[in-house]
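This briefing concerns one protein chain and is intended for reading beside its sequence and structure. The points below are grouped by topic.

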Amino acid sequence: NQSLSLQFDPSGRYLIVPTIIGVKVIEWSTNKCRKVIAKGDASTFRFLGGCMCLGEAKIDKQMHLARSAGVGTVSSVKGKDAEKKSDALYVTMAFNKRRFYVFSHFDPIINAENTEDDKNQQEAAINRDILNEPPDAEDLLLNNMDGKNAEETKLGKEAILRTTMGDIHIRLFPEETPRTVENFCGHARSSYYDNVIFHRVIKGFMIQTGDPLGDGTGGESIWGGEFEDEFVRDLRHDRPFTVSMANAGPGTNGSQFFITTVPTPWLDNKHTVFGRVTRGMDVCAAIENVKVDELDKPSNDISIVSVDIL
């Protein structure tokens, strides 16, 4: 139920009214606000109403006298209890939230602020909130609780292929081809491409790598298996040093990719372009000109030492 509700406290003296500035406790006989509950959270949540749970324990006077064997009086017990502040609780719900919220006289954040210890204040803020239901997608994103750290989920904008013949700097296109860049960055960060060779080199065409088997038949995506193409009108094979996914047909992208050394327009809408070489063109040209066998594999292995994602 997402409706707003008003209620009296158990004593009947106070009216509890949820408002945009918090939950007001109004003494109805004088029409004065005596307290505002959840004032510090009102900017984030719209509280709907709830239940007041009294904190005073009920004492059976006769039973207390019998157990104390006449030593002390009930009035003395009352005196001790009077010194202790009531620990009444107010339990409420909030609009469009699946949680319930519990408020008491004890505020761990205010108490931590009084200590003037930044560490204690941070710990109090973290420990105060407890997720009592499976967090939704928004919670996971805001609290970074999706099982991956920020480095793992970040899509890189630039990559550096550190090869045995030199470094190749690549500008990536994460906004245009997010799945392809995520796959590439995931493999790079997990060291999947480390020590993988350039298994196919064709002069006047391209240099190809990314196959852990080193023969052009292996490799898979970070999700396992293959994934779909991402063709973008403005990303074409219209210039040399274009970075594109190798495949065996539509929707068969895995881990292999190639770098063209000339314009290759016949590959448009067949292979996903996800990057351009910005530095290290001379390294690409050097790899392109190495001696190869009849299968276009370099006679001497040229490999990726590592890949840095920036």
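Is Cys284 buried or exposed? Cys284 is buried, because its relative accessible area is 0%, where buried means under 20% relative accessible area, exposed over 50% and partly exposed in between (1.4 Å probe, protein chains only). The model is a predicted one, in which local features need pLDDT of at least 70, side-chain atom pairs count only at pLDDT 80 or more, and totals for chains, interfaces and linings use all residues. Residues are numbered from 1 along each chain as its sequence is written, and side-chain values use heavy atoms, with hydrogens and water left out.

**Confidence**

- The pLDDT (the predictor's confidence in each residue, from 0 to 100) averages 82 over the chain, and 73% of the residues score at least 70.
- Residues 72-82 have a pLDDT below 50, and this stretch makes seven contacts in the model beyond near neighbours in sequence; a contact means heavy atoms within 4.5 Å.
- Where pLDDT is low, the predicted coordinates should not be read in detail.

**Overall architecture**

- The chain contains eight helices and 15 strands; helices (H or I, at least four residues) and strands (E, at least two) are DSSP runs, numbered from the N terminus.
- Of its 310 residues, 36% count as buried.
- Among contacts with a separation of 6 or more, 61% are between residues 24 or more positions apart.

**Helix α8 and the cysteines**

- Cys284 is one of the buried residues of helix α8 (residues 281-288), together with Val283, Ile287 and Glu288.
- Viewed down the axis of α8, these buried residues fall within an arc of 140 degrees, so they line one face of the helix; the arc is that of the directions from the helix axis to the C-beta atoms.
- The buried residues of α8 pack against β8 (158-163), β9 (166-172), β10 (200-202), β11 (206-209), β13 (257-260) and β14 (273-279).
- Cys51 is partly exposed, because its relative accessibility is 40%.
- A disulfide is taken as a pair of cysteine sulfur atoms within 2.5 Å, and by this rule the count is zero.

**Nonpolar cores**

- A nonpolar core is a set of buried Ala, Val, Leu, Ile, Met, Phe, Trp, Tyr and Cys residues joined through side-chain atoms within 4.5 Å.
- The largest such core has 28 residues, of which Ile168, Phe184, Phe257 and Val307 touch the most other members.
- Two or more residues of this core come from each of β8, β9, α7 (178-189), β12 (242-245), β13, β14, α8 and β15 (304-309).
- The contribution of α7, four residues, is the most that any element gives to this core.
- Another core lies apart from it and has twelve residues, including Phe45, Met52, Ala94 and Tyr101.

- Gly22, in strand β3 (residues 22-27), is buried at 1% relative accessibility.
- Gly22 and Ile37 are 15 residues apart in sequence, with their C-alpha atoms 5.7 Å apart.
- Glu27 also lies in β3 and is buried at 10% relative accessibility; not counting residues up to four places away in sequence, Glu27 touches Arg13, Tyr14, Lys32 and Arg34.
- Gly50 belongs to strand β5 (residues 47-53) and is partly exposed at 27% relative accessibility.
- Leaving aside neighbours within four places in sequence, Gly50 is in contact with Ser5, Gln7, Tyr90, Val91 and Thr92.
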